Amino acid sequence: MNDSVPRDQPTIGHPWPARRRWMSILARSTAERIDALLAGCRPVPAHTILRGPEVGLVMTRGRAGGGGAAFNLGEMTVTRCTVRTETGLAGHAYVAGRDTRRAELAALVDALMQDPDRAAEIEAAVIAPLAQDQARYTAERAAKAAATRVQFFAMQTMRT
Amino acid sequence: MAYVAVKGGEQAIDNAHAWLAEERRGDIATPALSVRQIEEQLGRSVDRVMAEGSLYDRELAALAIKQAQGDLIEAAFLLRAYRTTLPRFAHSVAVETGTMRIERRVSAIFKDLPGGQVLGPTYDYTHRLLDFSLLDDNAAVSECATAVANSDVMPRVPDILGDEGLLEADVVSSREPGDLTREPLTFPAARDVRLQALARGDEGFLLGLGYSTQRGYGGSHPFAGEIRMGEVSVEIEPAELGFSIDIGDLILTECQMVNQFTGSKTVPPQFTRGYGLVFGFGERKAMAMALVDRAMRASELGEDVTAPAQNVEFVLYHSDNIEATGFVEHLKLPHYVDFQSELQNVRRMRQEAAE
C-alpha cells in the first residue's frame with residue numbers, strides 16, 4: 001500500500017512517516033470522494049475550526065541543472081486548514097488548489113487518523129480506497145507512457 | 001501645464017466593456033464554453049498561461065483564458081494580478097525531477113539510455129495536416145494503447161555522463177535563492193534569479209533568442225541531452241508541524257541541453273549544460289529556456305559576450321511579457337499634453353528653419 005504514494009523525496013529519518021503518508025493521500029483526493037467515504041464510517045466527532053480554511057500560495061522551487069542550487073520556479077495555489085475535534089485532537093491540512101471543503105475534510109481525517117480508537121477504521125474505509133484511486137491513476141498513466149516507449153530494431157547490414 | 005481635464009469617458013468605457021462581454025460570449029446560439037472544457041481540452045494554453053503567469057492552478061488559468069477570449073498574455077496578466085491578493089504560506093522543498101513520474105522522456109544524444117525513450121502524447125511525427133474529423137464534435141476517440149510499465153529508474157542525463165567528468169556537474173548550494181516577486185531585479189543577476197525569470201518569461205521571446213544562438217549569435221553547439229515531462233510531488237515543511245508533507249503534484253517539463261565547450265584556463269574541455277524547467281507540458285519553452293540559460297553563462301565560462309542572448313541585462317529586462325505589454329501598451333493612453341508640447345517644438349523649429 002505504501003508504494004501507491006508518489007514519493008519523490010527520501011523519507012528516511014522522517015519523524016512521522018505514517019502521518020506523512022496519509023496526509024499525502026488526502027492532499028490528492030477530492031472533497032466529494034473523502035465525504036463519500038467518511039459517510040461509510042461511524043459518526044465522526046464534532047470539530048471546531050482553529051484556522052482557515054484559507055487559500056494562499058506556495059512558492060515552488062527547482063534546482064539549476066536538476067541537482068544544483070535551488071531557484072524559485074513559480075507559485076501554486078494551496079489551501080490550509082486546522083481543526084480540533086471534541087476528542088481533543090488537532091488535524092492539519094495543506095492541499096494544492098483552492099477547494100476549502102477539501103482542506104477542511106483533509107484536516108478532519110488527519111485528526112481522526114491520530115485517534116488510536118479510530119485509526120484502523122479510517123485507514124480501511126477512507127485512506128486505503130483513496131490510495132487505491134491514486135495508484136490506479138498513476139498506473140494508467142504509466143501504462144500509456146510505456147506503450148510509447150521506442151523499441152529499436154537492430155538493422156541487419158545489407159552487405160553480403 | 002501638467003494636466004488637462006480628462007473627464008467624460010465613463011459612459012463610453014462602461015459601454016465598451018459591456019460590448020466586450022457580449023463579444024466574448026459570441027453568438028448565443030452556440031453553447032457557452034465552460035472553464036472545465038478549456039482546462040481539459042486546451043491544456044497547452046492552460047500550461048502556457050500558468051508558466052508565464054507564474055502561478056500553477058489549472059482552473060484559474062482556464063478561467064483567465066475564457067475571460068481574455070483566448071488572449072494568452074492577457075490571461076497571464078490576470079493570473080499575475082490575482083496572485084497579489086493571496087498570502088504566501090511557504091516555499092517548497094526543491095522538486096525532485098529525477099524521480100518524476102515520466103510521461104515523456106527523450107534524449108537526442110543516447111539512443112539506449114537507461115529507462116529508454118518514451119514519446120508520450122507528442123505532436124512530433126504528426127504530419128501537421130489539419131484533421132477535419134475534429135470538426136465533428138461527437139467523433140469518438142479511439143482508446144490508446146497500454147503496455148506493462150517497468151519500474152526502471154530513469155536517471156537524468158547528467159547522472160549518466162557525469163561520472164566521467166565529461167559533463168559539467170551541478171553545483172549544490174545552501175544559499176537561499178533570490179525571488180523576483182519580492183526583490184527587484186538587480187545586476188549582475190545570479191543564475192537562480194535568471195532561471196526564475198526565464199521560467200516565467202515569454203515563450204515567443206525566449207524561442208527567438210534561443211533560435212538566434214543556433215544561427216550563430218552566441219552559438220554554443222547544443223544537443224538536447226534530455227527532455228522529460230511528467231508529474232512531481234510538491235513538499236513543504238510547515239513550521240507548526242515540524243516535518244515535511246506532500247501538498248500535491250505539479251506537471252513539469254525539464255530540458256537538459258548539453259553544449260560543446262573547449263575549456264578555459266580554469267576548466268578542462270568538457271560538455272557544459274543549459275537548463276530549462278517550466279510548468280506544464282512546455283517542451284518548446286523548456287528547450288528555448290535551456291539554450292538561453294547556457295548563452296547567459298558566457299561570461300562565467302570565459303566566453304566573449306557578443307550576442308543578445310548572452311547579454312543578461314538585455315534578456316532579463318525584456319523577457320517578461322507582462323512588463324513588456326505594460327510599457328508597449330501604455331503608449332495608447334492619453335499623451336495629449338506631451339504631444340502638444342512636441343507639436344509646438346516642431347512648429348518652432350520649422351519656423352526658425354524658414355526664417
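Predicted model: local features only at pLDDT ≥ 70, side-chain atom pairs only at ≥ 80, totals over all residues.
1. Strand β5 of chain B comprises residues 245-259 and is joined to β6(B) by eight bridges. The two strands run antiparallel.

2. Strands β5 and β6 belong to an open sheet of four strands in chain B, with the order β3-β4-β5-β6. The pairing in this sheet is antiparallel. Its edges are formed by β3 (101-106) and β6 (272-279) of chain B, each of which pairs on one side only. From one strand to the next, the twist averages 20°. As background, strands of a sheet pair through backbone hydrogen bonds, in either a parallel or an antiparallel manner.

3. Helices α4 (residues 58-67) and α5 (residues 72-83) of chain B have axes that come within 8 Å and cross at roughly 130°. The arrangement of α4(B) relative to α5(B) is therefore oblique, since an angle over 145 degrees would be needed for roughly antiparallel. The crossing of α4(B) and α5(B) is right-handed.

4. On the side of α4(B), the contact is made by B:Leu60, B:Ala61, B:Ala64, B:Ile65 and B:Gln67. The partners in α5(B) are B:Leu72, B:Ala75, B:Leu78, B:Leu79 and B:Tyr82. By class, the residues of the contact of α4(B) with α5(B) comprise nine nonpolar, one polar and no charged.

Conventions: Residues numbered from 1 in each chain as written. Chains lettered and ligands numbered in written order. Axes fitted to C-alpha atoms, helices over the stretch in contact; angles between N-to-C directions. Parallel < 35°, antiparallel > 145°, perpendicular 65-115°, else oblique. Left-handed = near helix turned anticlockwise from the far one by under 90°. Contact = placed C-beta atoms within 7 Å. Nonpolar A, V, L, I, M, F, W, Y, C, P; charged D, E, K, R; others polar. Pairing = 2+ DSSP bridges.
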